[in-house]
Each structure stands twice: as structure tokens, then as C-alpha cells.
Amino acid sequence: MPADEPRWRDILLAQTGFYKERMVDPYFEPPPDNRYLRKVVKSLYPDTNAYHHIAWTLHPRYFARLFKTMIVYESYPEGQVEVDEMVARLRLDMRVIYDP
């Protein structure tokens, strides 16, 4: 998240709009949706529980019920190493947590 609060607000509004258009549940919130992800995120920032530059994968097979449209995918990452390689290849300035 940017240090600049107005920019941070813009990002949150864009993220909320993205999910609102695509999710079945209008009250869906993007923080980690399961215990595994919550545990990993908590371990990264144990003092603040903040989500700084963190994203995570959502396996369409397990979360298909969340989306209005059927998601078709060619493949899903095999593990954290593959996710890290994608993040590096895309030059993303964040950590992406693999959710098996």
C-alpha cells in the first residue's frame, strides 16, 4: 500500500469496485478467506496484522462459488516457488502467498 493516504484510498476504492462487479456476495471482503492465509499473513506482520504489499492466490476450484462468472484457467501454480517466479517475471512490488 502506498504511503500516500489519498492514493491508498483510490486503490481500496478500485479494489472494492473490482470485487463488487464480480462477486456473488456483495459483502465479500478481500482479506484472506481461510485460516491458512490468515496464519501466513499474521506471521509476516505479527505486531500490526497489516497487509503491506501482500496478495494471495485464490484457487478457482475452491472459490468458484464466490464469482458470478465461471473462471476458466489453463493451470494453477504448483507451489510458492512458481508463484515467486511469476511475481519476479511480472516485476510486482509485493509478496504473493500461494494458497494450495
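**A chat about the chain**

Q: Let's start at Met94: what does Met94 count as, going by relative accessibility?
A: In this predicted model, Met94 counts as partly exposed because its relative accessibility is 36%, where buried would mean under 20% and exposed over 50%.

Q: And where is the place of Met94?
A: Met94 lies in the loop that runs between H4 and E2, and together with Leu90 and Leu92 it forms a nonpolar patch on the surface, with about 270 Å² of accessible area for the three together.

Q: What about Arg91, where does that one sit?
A: Arg91 is also placed in the loop between H4 and E2, and it counts as exposed because its relative accessible area is 76%.

Q: What is the phi of Arg91?
A: Its phi is positive, at about 55 degrees, although Arg91 is not a glycine. As background, most residues other than glycine have a negative phi.

Q: Stepping back, how many helices and strands does the chain have?
A: There are four helices and two strands, and read along the sequence they follow the pattern α-α-β-α-α-β.

Q: How much of the chain counts as buried?
A: Of its 100 residues, 26% count as buried. The accessible surface of the chain comes to about 7,800 Å², and 55% of that belongs to carbon and sulfur atoms.

Q: Which residues of H2 are buried?
A: In helix H2, which covers residues 35-44, the buried residues are Leu37, Val40 and Val41. They cover an arc of only 95 degrees around the axis, and therefore they lie on the same side of H2.

Q: What do those buried residues of H2 pack against?
A: They pack against two strands, namely E1 at residues 54-56 and E2 at residues 95-97.

Q: Then what does the face of H2 turned away from the buried side carry?
A: That face carries the exposed residues Arg35, Lys39, Lys42 and Ser43.

Q: Which residues make up the largest nonpolar core?
A: The largest nonpolar core has six residues in all, and these are Tyr19, Met23, Phe28, Phe63, Leu66 and Phe67.

Q: Taking Met23 from that set, what is Met23 in contact with?
A: If its neighbours within four places in sequence are left aside, Met23 is in contact with Phe28, Leu66, Phe67 and Lys68.

Q: New topic: which side chains meet in a salt bridge?
A: The side chains of Glu21 and Arg22 do, with a distance of 3.5 Å from N to O, and the count for the model comes to one salt bridge. In general, side chains of opposite charge can pair when their charged atoms come close.

Q: How accessible is Glu21, and what about Arg22?
A: Glu21 is exposed because its relative accessible area is 58%, whereas Arg22, at 34% relative accessibility, counts as partly exposed.

Q: And Asp99, is that buried or exposed?
A: Asp99 counts as buried, because its relative accessibility is 7%, and its place is in the segment after E2.

Q: What does Asp99 touch?
A: Not counting residues up to four places away in sequence, Asp99 touches Asn34, Tyr36, Leu37, Thr57, Phe63 and Tyr76. One of these, Leu37, is among the buried residues of H2, and another, Phe63, belongs to the largest nonpolar core.

Q: Where is His59, and is His59 buried or exposed?
A: His59 is located in the loop between E1 and H3, and at 5% relative accessibility it counts as buried.

Q: Which residues does His59 touch?
A: With residues up to four places away in sequence not counted, His59 touches Tyr73 and Tyr76. His59 and Tyr98 are 39 residues apart in sequence, and their C-alpha atoms are 9.3 Å apart in space.

Q: How about Tyr27, where is that?
A: Tyr27 is in the loop between helix H1, residues 5-22, and H2. It is exposed because its relative accessible area is 70%, and its C-alpha atom is separated by 9.8 Å from that of Thr16, 11 residues apart along the chain.

Q: Last one: where is Val72 found?
A: Val72 is found in the loop between helix H3, residues 60-63, and helix H4, residues 80-90, and it counts as exposed because its relative accessibility is 68%.

Terms used
Residues numbered from 1 in each chain as written. Predicted model: local features only at pLDDT ≥ 70, side-chain atom pairs only at ≥ 80, totals over all residues. Heavy atoms only, no water. Buried < 20%, exposed > 50% of the residue type's maximum accessible area, 1.4 Å probe, protein only. Arc of directions from axis to C-beta. Contact = heavy atoms within 4.5 Å. Core = buried A, V, L, I, M, F, W, Y, C linked by side-chain atoms within 4.5 Å. Patch = residues over 30% accessible without salt bridge, like charges linked within 9 Å, V, L, I, M, F, W, Y side chains within 5 Å. Areas by Shrake-Rupley, 256 points an atom, 1.4 Å probe, with all protein chains shown as cover. Salt bridge = Lys/Arg side-chain N within 4 Å of Asp/Glu carboxyl O.
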